[in-house]
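Here is a short briefing on one strand and its surroundings. Look at the sequence and the model, then read on.

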Amino acid sequence: VENNKCLDNIQQCKEYYINNSIIKIIFGNLLDSQAEVIVSSDDSNITMGGGVSMAIRRKEGTGAIRLDVSKRIPADIGDVVVSTAGTLPQKNIFHVITIDYGELGHSNTLTEISKDDIHQYIIGHSIDKCFLLLHAMDMKSIAFPQIGAGVAGIPFKKVAEVMAEAIGRN
């Protein structure tokens, strides 16, 4: 069910009710979100070197997030690493691993798997894991960017399709 009762100060917003959840699609700056958790795409070493991840690192400013994630690297593609949000208003950052510079380009087993399948796995698996973590941590709100649409190079249309499917089943 669609409802247009989004926040007054946000011009591009759609609100949907699915089961007992409200899903808001908001076009804007993820760092302005009031969600308890914000999600960021990153590489397996969580360098926070580009896109949303870099913006989070810069806005937080103290290095607390990078110090926290440094204890949990390297991570695997499609995995989600939870960190503090440091000085940001959120409770946590969920770092979705979309790039593995060390393995993705060198693995012989991946030549038999299509890029489409890899993208489907990265996005779908990470969203499923984000929702599992959200519920396990007893939190109610999460804000996602278009996972993998930046530096990871996953096409926007593919990201939108897989995210909609994954969010719908959670």
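**Helices over the sheet**
- Helix H1 (residues 51-60) lies across E4 and E6. H1 runs at about 120° to E4.
- Helix H3 (residues 115-136) lies across E4, E5, E6 and E7. H3 runs at about 160° to E6.
- Angles run from 0 to 180 degrees between N-to-C directions, with axes fitted to C-alpha atoms, for helices over the stretch in contact. Contact means heavy atoms within 4.5 Å.
- Helices (H or I, at least four residues) and strands (E, at least two) are DSSP runs, numbered from the N terminus.

**Where the values come from**
- This is a predicted model: local features need pLDDT of at least 70, side-chain atom pairs count only at pLDDT 80 or more, and totals for chains, interfaces and linings use all residues. Residues are numbered from 1 along each chain as its sequence is written, and side-chain values use heavy atoms, without hydrogens and water.

**The sheet**
- The open sheet has 4 strands in the order E5-E6-E4-E7, with mixed pairing. Strands pair if DSSP finds at least two bridges between them.
- E5 (80-84) and E7 stand at the edges, each with a single partner strand, so one side of each lacks a neighbour in the sheet.
- E4 and E6 (residues 92-99) run parallel, joined by 7 bridges. Asp-42 stands opposite Ile-97 in E6.
- E4 and E7 (residues 142-143) also run parallel, joined by 2 bridges. Val-37 has Ile-142 as its bridge partner in E7.

**Strand E4**
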